[in-house]
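Visitor: I am new to this structure. Could you show me how to read it, one feature at a time?

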Amino acid sequence: MAHAPPIQDVKALLDEGKWEESVQVINTLLNRFPQSAPLHYLLGLAYVNLNITELALSSFQNACYLEPRITAAWVNQVVVLIGLGRLDVALTEINRSLKINPGNIMLVRCLGSVLLKMEQWNEAQTVFQEIVKKGECDPDDYTHLGISLLEQGDHFSAVESCRKALEVSPGNSNALYNLGISLKDCHKLLLALQCFEELVQSEPDYPGVHGNYATTLFLLGRYSEGWREYEWRLVETPA
């Protein structure tokens with residue numbers, strides 16, 4: 001008799017995108033291994049891909065309860081809570097996870113993301129500044145820092161942060177878009193226009209880019225070009 005669940009077999013099913021079969025197999029295995037945190041975690045992933053969010057949330061919570069040091073289970077639990085609009089609960093859970101796993105970079109990033117969603121700009125700024133200071137950052141950390149600064153009116157610092165994100169990851173869509181917004185707010189319209197033009201070429205369906213491209217063209221007095229781009233805003237934000 002097996003003493004441990006066949007986790008690799010389950011992962012293989014998930015890798016193949018066999019979500020419903022994965023749920024059936026995992027639930028059968030949980031009858032034999034009800035205390036297996038990895039199985040509960042993998043079940044949560046299957047439910048996420050089936051868009052059954054409440055069951056996904058329950059599965060991730062079970063995994064966190066059984067093995068509180070599975071970082072990915074905490075992160076995915078919070079992602080589901082954000083998707084459900086339960087931001088206060090998400091913040092509570094991520095703070096609880098950091099008491100168990102202090103300093104874990106994935107969880108700290110998750111905390112910063114929750115604070116951004118809650119529009120707690122100063123608190124989010126503090127989190128991402130600490131990440132950057134430790135040198136463990138990726139492009140999104142610089143971009144998220146830039147967003148928190150931008151929302152507090154510190155446009156020039158936001159520009160600097162978004163530029164650092166692009167140094168790490170040239171062409172990064174999120175960094176490019178937020179750099180454009182920051183430059184526009186600094187009245188550096190030609191530089192902002194370059195950002196939006198580049199993003200329109202590389203990722204034309206990026207949310208908000210055509211509207212901001214159009215607005216920048218209007219501010220530059222290029223009205224006919226601006227109206228052409230503004231038509232995309234009607235597509236991006238249908239009535």
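Guide: Let us begin with contacts. This is a predicted model. Among contacts in the chain with a separation of 6 or more, 46% join residues 24 or more positions apart.

Visitor: How many helices and strands does the chain have?

Guide: The chain has 14 helices and 0 strands. Its C-alpha atoms fill a box of roughly 75 × 35 × 30 Å along the principal axes.

Visitor: What share of the residues counts as buried?

Guide: Of the 239 residues, 44% count as buried. The accessible surface of the chain is about 12700 Å², and carbon and sulfur atoms hold 52% of that surface.

Visitor: How do I read the sides of a helix?

Guide: Start with the general idea. An α-helix has 3.6 residues a turn, so residues three or four places apart point the same way. Now take helix α12, residues 189-202. Its buried residues are Leu 189, Ala 192, Leu 193, Cys 195, Phe 196, Leu 199 and Val 200. They cover an arc of only 160 degrees around the axis, so they sit on the same side of α12. On the other side, Leu 190, Gln 201 and Ser 202 are exposed.

Visitor: What do the buried residues of α12 pack against?

Guide: They pack against α11 and α13. Helix α13 covers residues 209-219.

Visitor: How far is Ile 181 from Ser 58?

Guide: Their C-alpha atoms are separated by 39 Å. Along the chain, the two residues are 123 residues apart.

Visitor: How do I read a pair of aromatic rings?

Guide: A pair of aromatic rings is described by the distance of the centres and the angle of the planes. A search of the whole structure finds 5 aromatic pairs. One of them, Tyr 41 with Phe 60, is tilted, at 5.8 Å centre to centre and 45 degrees between the planes. Tyr 41 lies in helix α3 and Phe 60 in helix α4, so the pair ties together parts that are 19 residues apart in sequence.

Visitor: Are Tyr 41 and Phe 60 buried or exposed?

Guide: Tyr 41 is buried, at a relative accessible area of 17%. Phe 60 is buried too, at 0%.

Visitor: Which residues form an aromatic cluster?

Guide: Tyr 177, Phe 196 and Tyr 206 form one aromatic cluster.

Note on methods
Residues are numbered from 1 along each chain as its sequence is written. This is a predicted model: local features need pLDDT of at least 70, side-chain atom pairs count only at pLDDT 80 or more; totals for chains, interfaces and linings use all residues. Side-chain values use heavy atoms; hydrogens and water are left out. Rings of Phe, Tyr and Trp (its six-membered ring) pair if their centres lie within 6.5 Å; planes under 30 degrees apart count as stacked, over 60 as edge-to-face and the rest as tilted. Helices (H or I, at least four residues) and strands (E, at least two) are DSSP runs, numbered from the N terminus. Buried means under 20% relative accessible area, exposed over 50%, partly exposed in between (1.4 Å probe, protein chains only). The expected span of a helix is 1.5 Å times one less than its number of residues. The arc is that of the directions from the helix axis to the C-beta atoms. Contact means heavy atoms within 4.5 Å. Accessible areas come from the Shrake-Rupley method with a 1.4 Å probe; for residues, only the protein chains shown count as cover.
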